[in-house]
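Here is a briefing on a sheet and the cores packed around it. Look at the sequence and the model before reading on.

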Amino acid sequence: MTIRQILMQASLRLEKAGVPDPDFDARELISYALGVEKSELFLKYSDEMPSDKELLLESLLEKREARIPLQRIMGKTWFMGLEILVFDDVLIPRSDTETLAEKAIEAIRSRGYGKALDLCCGSGAIAVAIKKYAQNCQVTASDICEKCIYAAKKNALHNEVCVETALGDMFLAVGNEKFDLIACNPPYIDISELDSLQDEVRLHDPHAALFAENKGYFFYEYLKKHAKDHINKGGMLLMEVGIGQAEKTAKLFEGQKTYIIKDLNAVDRVVCVEF
């Protein structure tokens, strides 16, 4: 059977399993099984699939049919042009969060900030991106989860950047330390939304990284109370928010200069607060 025929069959299988973009995922998995770049796959359309690669592909397709996320199957994803390693029980970074990272990097560069914190760092993607594109800034990644700290360390090493790590619950991880910029992508989904989430998220992402009390606002309220003690004068707090949460989150910081940034889909995605 040729690669082209296998691609067509794989796409149909994934479509029947309810995978959102079956053709894209089929190409990714076949390229991964063959060990070639996806952009080069068309060059092999007329080739026969080696039997050992066919067995590997079958295993990959079965996992994707079970709605295990593509990134978890492949063990990596892309964020801000960087390859980020994906680990079990650690949230997969999303493209939505690139808006937060981009604003952080822009602020650090334009304002000459020298010290930044990626609070609730998860995989460490934000911290790694900041350090990669704003190399003069000292960057710390903190999280309450040991597996996240491990992931952040591995991703910093993988991308050849130096990122400090701190284990602990929110600001307890950094003691009395202060920063010029704090970027935070906290849990912000209300638990009532659990059943509406895609299986890839609902079944395979760590719930502690997804859901927050107080209808999703728990961590924003925490930041309102405590962020001022950890941000230098003239500094900035950047928070990713869920759909429909931006205005209420911004109002928590009434009296301070706040503004909202939209993502590439025109969704209010980041709330910025200046101190």
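The points below cover the model's basis, its sheet, its helices and its cores.

This is a predicted model: local features need pLDDT of at least 70, side-chain atom pairs count only at pLDDT 80 or more, and totals for chains, interfaces and linings use all residues. Residues are numbered from 1 along each chain as its sequence is written, and side-chain values use heavy atoms, without hydrogens or water.

**Sheet**
- An open, mixed sheet holds 7 strands in the order S5-S4-S3-S6-S7-S9-S8 (strands are DSSP E runs of at least two residues, helices H or I runs of at least four, numbered from the N terminus; pairing takes at least two DSSP bridges).
- Strand S5 (164-167) and strand S8 (258-262) are the edges, each pairing on one side only.
- S8 and S9 run antiparallel, joined by 5 bridges.
- Tyr 259 stands opposite Cys 272 in S9.

**Helices on the sheet**
- H6 lies across strand S3 (115-119), S4 and S6, at about 180° to S4 (axes are lines fitted to C-alpha atoms, for helices over the stretch in contact; angles run from 0 to 180 degrees between N-to-C directions).
- H7 touches S4 and S5 (contact: heavy atoms within 4.5 Å), and its direction makes about 175° with that of S5.

**Cores**
- The largest nonpolar core has 35 residues; Phe 79, Ile 108, Ile 130, Val 163, Leu 181 and Leu 238 touch the most other members (a core joins buried Ala, Val, Leu, Ile, Met, Phe, Trp, Tyr and Cys through side-chain atoms within 4.5 Å; buried is under 20% relative accessible area, 1.4 Å probe, protein chains only).
- Apart from this core lies another, of 33 residues, including Cys 184 and Tyr 222.

Notes:
Buried < 20%, exposed > 50% of the residue type's maximum accessible area, 1.4 Å probe, protein only.
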